[in-house]
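Hi,

Here is the structure I promised to pass on.

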Amino acid sequence: MKYIIACSTVLLITAMAFLPKAPLTVKGNVKDNNGNVLQYASVAEKGTGNMVQSDVNGNFTITVKKADAVLFVSCIGYETKEIRLTGKSFVQVELAPIEKKLDEAVVAAPVESKKMNRTNPAAVADRELFVTSAVQARRQAFAIARDMKPAPDPAYNGYVNTNDSAFNTEDYDGIVENRFLAVKDNPLSTFSIDVDAASYSNIRRYLNQGQLPPAGAVRIEEMINYFQYKFPQPTQQHPFAVHTETAAAPWNEQHRLVLVNLQGKKIPTENLPSSNLVFLIDVSGSMEDDNKLPLVKQSMKLLTDQLRENDRVAIVVYAGNAGLVLPATSGAGKQTIKDAIDRLEAGGSTAGGAGIQLAYKVARENFRQGGNNRVILCTDGDFNVGASSDAEMERLIEQERKSGVFLTVLGYGMGNYKDNKMQKLADKGNGNHAYIDDMREAKKVLVHEFGGTLFTIAKDVKLQVEFNPAKVQAYRLIGYENRMLHKEDFNNDQKDAGELGSGHSVTALYEIIPAGVKSDFIEKVDPLKYQSMPHQNTTVSDELMTIKFRYKKPDADISELIEYTVKDSNTAVRNTSDNFRFAAAVAQFGMLLRNSGFRQNSSFNSVLALAGSATAGDTEGYRKEFISLVQKAGSLVKVKIEDTDISMSSR
């Protein structure tokens with residue numbers, strides 16, 4: 001009998017161990033390290049979409065899925081904290097301010113060049129000018145924040161970087177945001193994919209210097225596509241798989257947010273076709289700074305280490321003139337390639353057009369049929385000799401791309417960085433664009449994402465979305481403003497579009513106003529006199545929209561078609577995937593940085609909560625870094641009593 005009871009007890013304990021763990025309701029309070037209550041702090045259960053905010057007394061209540069859940073607690077201006085519950089039903093959270101760190105970041109001068117003479121009055125003046133400009137930028141941010149109307153959750157009220165230093169000649173094209181379009185008038189939305197990620201690393205550079213980026217530097221699609229997402233690899237004959245997810249929009253629960261993802265097939269390095277590469281390196285005088293040519297040389301050495309014996313590399317440089325410094329050399333001769341890189345020095349004017357022409361000529365002479373033929377341009381984009389205008393450069397690149405040679409544009413430096421020119425070169429050259437702000441980014445682009453950066457698996461990739469008017473009243477594509485196409489362009493195989501690299505993931509977000517929802521975003525026009533409304537078939541059941549994709553194989557001229565249907569869903573944000581929540585967080589952050597007219601109820605604390613709940617598996621730390629950047633941006637515009645004297649002195 002005792003034996004039976006003992007066995008039954010063991011079986012019962014074993015069975016209980018495998019039962020689902022019961023939810024746990026946890027209460028808590030959030031304060032700073034001086035005991036002051038923190039209102040509207042975000043509290044999220046890590047790895048889920050479960051999130052709440054603290055009330056006016058700093059109190060919160062959250063029901064977690066398991067007793068050992070991890071809470072991610074964040075508040076603008078304070079360090080984030082992760083707390084493992086281990087069965088606790090009450091937690092007292094103390095957050096430390098990060099203001100001191102931000103102050104230091106704002107007024108810290110850039111790393112001085114090894115060549116800088118500390119006793120040189122001009123060099124010292126440049127350094128003091130930078131510090132003064134940074135402090136002024138911070139004062140302007142606080143001055144704007146001071147005039148904000150109080151809100152329960154601090155939201156960004158708009159800021160434009162007005163640092164007008166004579167030494168800052170960076171160029172960014174203006175962006176006119178996509179607006180909401182009524183489905184009855186505009187049933188189709190057509191655009192080209194964009195795998196560039198330069199905008200995000202450039203924004204990071206600004207924020208790490210204690211400045212908010214110019215609005216033209218904020219391209220939301222590039223911010224979203226900077227990050228890796230966990231989508232399944234394609235299993236069919238096409239080079240990419242399509243994934244979608246629909247839920248309530250985090251910044252307006254009456255709206256839907258639809259995520260559309262293209263996950264490119266990842267080809268193992270050993271199976272990639274052989275490469276014919278030309279390093280086209282700007283060695284003009286503007287490239288002398290440590291974060292320009294010296295960083296270029298380190299980056300190209302990293303890339304050289306990835307080459308195989310059957311790959312070939314040539315090096316072309318340009319300053320006042322263009323020249324070939326290394327003929328096509330096998331990847332087995334890594335030291336020969338690195339020695340040629342080490343000999344490069346900066347000086348002279350910038351004949352970018354001549355350099356591009358020579359690089360393409362060398363690429364054509366060594367062209368590999370069925371291989372990866374590509375020019376890799378490393379520059380700050382400050383062309384000033386020969387063909388240098390945007391129109392001239394566009395015509396030159398459009399002509400050269402007909403040879404079948406692709407283009408990768410790597411941007412470097414600050415102060416005279418020509419972002420707009422880089423964008424145009426990559427767009428017109430069947431290529432991609434990345435901004436390298438440090439060696440960590442160089443490793444990400446040229447080592448970790450080697451295949452995606454350099455090997456195209458599908459070209460001229462376009463999307464066309466048809467919305468069901470029975471379900472959708474209006475829609476807005478978030479980002480991709482410079483990638484929009486006419487509806488007729490979708491079936492036109494002569495129309496250029498974006499390229500998808502090996503393993504690349506491209507994500508787009510549509511914000512949708514469902515049928516029947518009242519909205520001020522929907523602009524009305526007078527009834528037409530001569531046009532009759534065509535009959536629309538609105539009997540399709542629960543279909544929200546149909547997405548069509550066109551793409552060409554890298555060596556093909558005729559496109560292939562894929563069609564995909566999206567069903568309607570009103571899932572709560574807390575029940576969405578990590579992919580969805582993090583992409584939504586990045587989009588929301590971009591709208592705040594741009595002071596978007598469509599940001600609605602967006603706030604930095606909302607961004608922190610969404611992103612903080614989606615950091616599982618962040619082995620390389622990019623998502624946690626994103627959270628720190630959100631903190632920095634939010635603190636630059638947050639009103640703080642202790643900074644009243646600073647903001648007042650700016651009047």
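Let me start with a helix pair: α13 and α15 are roughly parallel to each other, because the angle between them is about 30 degrees and anything under 35 degrees counts as roughly parallel. Please keep in mind that this is a predicted model. The two axes lie 12 Å apart, and the crossing is left-handed. On the α13 side the contact includes Phe-582, Val-586, Phe-589 and Leu-593, while α15 brings, among others, Phe-626, Leu-629 and Val-630. By class, that contact has 9 nonpolar, 1 polar and 2 charged residues.

Glu-625 pairs with Arg-440 at 3.2 Å, N to O. Since Glu-625 sits in α15 and Arg-440 in α11, this pair ties together parts that are 185 residues apart in sequence. Glu-625 is buried, at 17% relative accessible area, whereas Arg-440 is partly exposed, at 35%. Both residues belong to a network of salt bridges that also links Arg-204, Asp-437 and Glu-441.

Two other pairs may interest you:

- Glu-82 and Lys-46 meet at 3.2 Å, N to O. Glu-82 is in strand β6 and Lys-46 in the loop between β2 and β3, 36 residues apart. Glu-82 is partly exposed at 39%, and Lys-46 is partly exposed at 25%.
- Lys-471 and Asp-568 have their closest N and O atoms 3.6 Å apart. The pair ties together two loops, one between β18 and β19 and one between β23 and α13.

Happy browsing!

Terms used. Residues are numbered from 1 along each chain as its sequence is written. This is a predicted model: local features need pLDDT of at least 70, side-chain atom pairs count only at pLDDT 80 or more; totals for chains, interfaces and linings use all residues. Side-chain values use heavy atoms; hydrogens and water are left out. Axes are lines fitted to C-alpha atoms, for helices over the stretch in contact, and angles run from 0 to 180 degrees between N-to-C directions. Helices (H or I, at least four residues) and strands (E, at least two) are DSSP runs, numbered from the N terminus. Angles under 35 degrees count as roughly parallel, over 145 as roughly antiparallel, 65 to 115 as roughly perpendicular and the rest as oblique. A crossing is left-handed if the near helix is turned anticlockwise from the far one by less than a right angle, and right-handed if clockwise. Contact means heavy atoms within 4.5 Å. Ala, Val, Leu, Ile, Met, Phe, Trp, Tyr, Cys and Pro count as nonpolar, Asp, Glu, Lys and Arg as charged, and the others, Gly among them, as polar. A salt bridge is a side-chain nitrogen of Lys or Arg within 4 Å of a carboxyl oxygen of Asp or Glu. Buried means under 20% relative accessible area, exposed over 50%, partly exposed in between (1.4 Å probe, protein chains only).
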